Amino acid sequence: MGRVESKVAFVTGAARGQGRSHAVRLAEEGADIIAVDICRDIATNTYALSRPEDLAETARLVEAHGRRIVAVQADVREKDELAAAVDQGLEAFGRLDIVVANAGICPMLSDSGMQGWLDVIGVNLMGAQNAIHVAIPHLKAGASIIATGSTAAIMPNDKVDNPGADPGGAGYTVAKIMITEYMYELARALSPQMIRANVIHPTNVDTAMLQSEAMYKIFRPDLEKPTLEDARDAFHVQQAMPIPWVDPVDISNAVVYLASDESRYVTGTQMRVDAGGYLKFNAFHV
């Protein structure tokens with residue numbers, strides 16, 4: 001019997017990367033899936049986003065584990081689109097137990113100025129809140145809400161050489177800091193209903209967001225056109241453990257734990273899956 005057997009999980013950003021991995025791992029452990037993704041680019045983002053065929057592949061992988069899936073193209077910035085997706089899932093499965101607010105972008109080094117900031121706040125912060133808010137009326141005792149944070153939210157960010165030079169990149173950090181605080185207060189509000197809310201903070205994850213020209217440039221600003229090989233060693237600076245990144249499944253394993261009854265009394269936590277990144281940059285902690 002799987003660890004989330006017969007539960008239903010709503011996963012945003014599910015077409016590829018961490019979202020796909022979360023959907024597939026939850027399916028492996030017995031959950032049916034409501035999967036949404038935008039499946040098109042956002043102009044300010046500096047790397048390509050998913051496509052409809054990516055979401056179709058997620059559906060195929062979930063079904064390969066004998067689980068059912070409702071896969072919907074939806075923009076997390078549009079609350080009505082998410083509500084419609086949840087309604088489709090409820091019609092198919094009759095319940096909702098797990099929310100994984102994962103969809104995110106990182107419009108680093110975008111030439112669109114403050115629009116990049118607005119877009120990343122819209123997707124990473126407001127998109128997560130939209131997903132959670134349309135789900136809450138359908139959740140019952142024992143339900144679990146999980147948001148994707150980032151080590152960017154819990155590490156020092158006081159060395160900005162050129163403020164205002166990269167609004168999209170700065171907006172990413174702002175969104176993750178705000179989602180952290182939001183989830184903490186949400187956990188407080190939902191505790192009397194026995195509904196849990198937690199954040200997972202990944203370090204570098206081997207996805208399209210990390211494997212992008214803009215990210216290589218962020219880590220190797222000394223080079224005009226850095227490659228993966230140029231950036232690989234620089235990626236190590238983010239972690240105390242000597243690795244450049246973690247794999248999506250490393251985050252998914254934490255998602256499964258927080259979604260399962262194994263964590264039935266775990267709420268309001270900030271779970272770091274960061275290979276010691278927080279330890280490396282924070283000498284003192286409580």
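A residue is called buried here when its relative accessible area is under 20%, exposed when over 50%, and partly exposed in between, as computed with a 1.4 Å probe on protein chains only. At 18% relative accessibility, Phe219 therefore counts as buried, and Phe235, with a relative accessible area of 0%, is buried too. The model is predicted, with local features requiring pLDDT of at least 70 and side-chain atom pairs pLDDT 80 or more, while totals for chains, interfaces and linings use all residues. Residues are numbered from 1 along each chain as its sequence is written, and side-chain values rest on heavy atoms, with hydrogens and water left out.

Rings of Phe, Tyr and Trp (the six-membered ring of the latter) pair if their centres lie within 6.5 Å, and planes under 30 degrees apart count as stacked, over 60 as edge-to-face and the rest as tilted. A search of the whole structure finds three such pairs. The ring centres of Tyr216 and Phe235 are 6.3 Å apart and their planes stand at 50°, so this pair is tilted. Because Tyr216 lies in helix H6 (residues 213-219) and Phe235 in helix H7 (residues 228-235), the pair ties together parts that are 19 residues apart in sequence; helices (H or I, at least four residues) and strands (E, at least two) are DSSP runs numbered from the N terminus. Phe219 and Phe235 form an edge-to-face pair, 4.7 Å centre to centre with 80° between the planes, and this pair links helix H6 with helix H7 across 16 residues. Tyr216, Phe219, Phe235 and Trp245 form one aromatic cluster.

Turning to the strands, two of them pair if DSSP finds at least two bridges between them. Seven strands form an open sheet in the order S3-S2-S1-S4-S5-S6-S7, with parallel pairing, and its edge strands, S3 (69-73) and S7 (270-273), each pair on one side only. Within this order, strand S4 (residues 98-101) and strand S5 (residues 144-148) pair in the parallel sense over four bridges, and Val100 stands opposite Ile146 in S5.

A cavity is a set of points, on a 1 Å grid over the protein atoms alone, where a 1.4 Å probe fits but cannot get out, and its lining residues have an atom within 4 Å of a point. The largest cavity holds about 30 Å³ of space, a volume being the space filled by probe spheres set on the points. Its lining includes Ala101, Asn124, Thr148 and Lys176, and helix H4 (114-135) and helix H5 (167-190) are the elements that give two or more residues to that lining.

Conventions. 1 Å grid on protein atoms, 1.4 Å probe; cavity = no way out; pocket = protein on both sides within 12 Å on 5 of 7 lines; lining within 4 Å.
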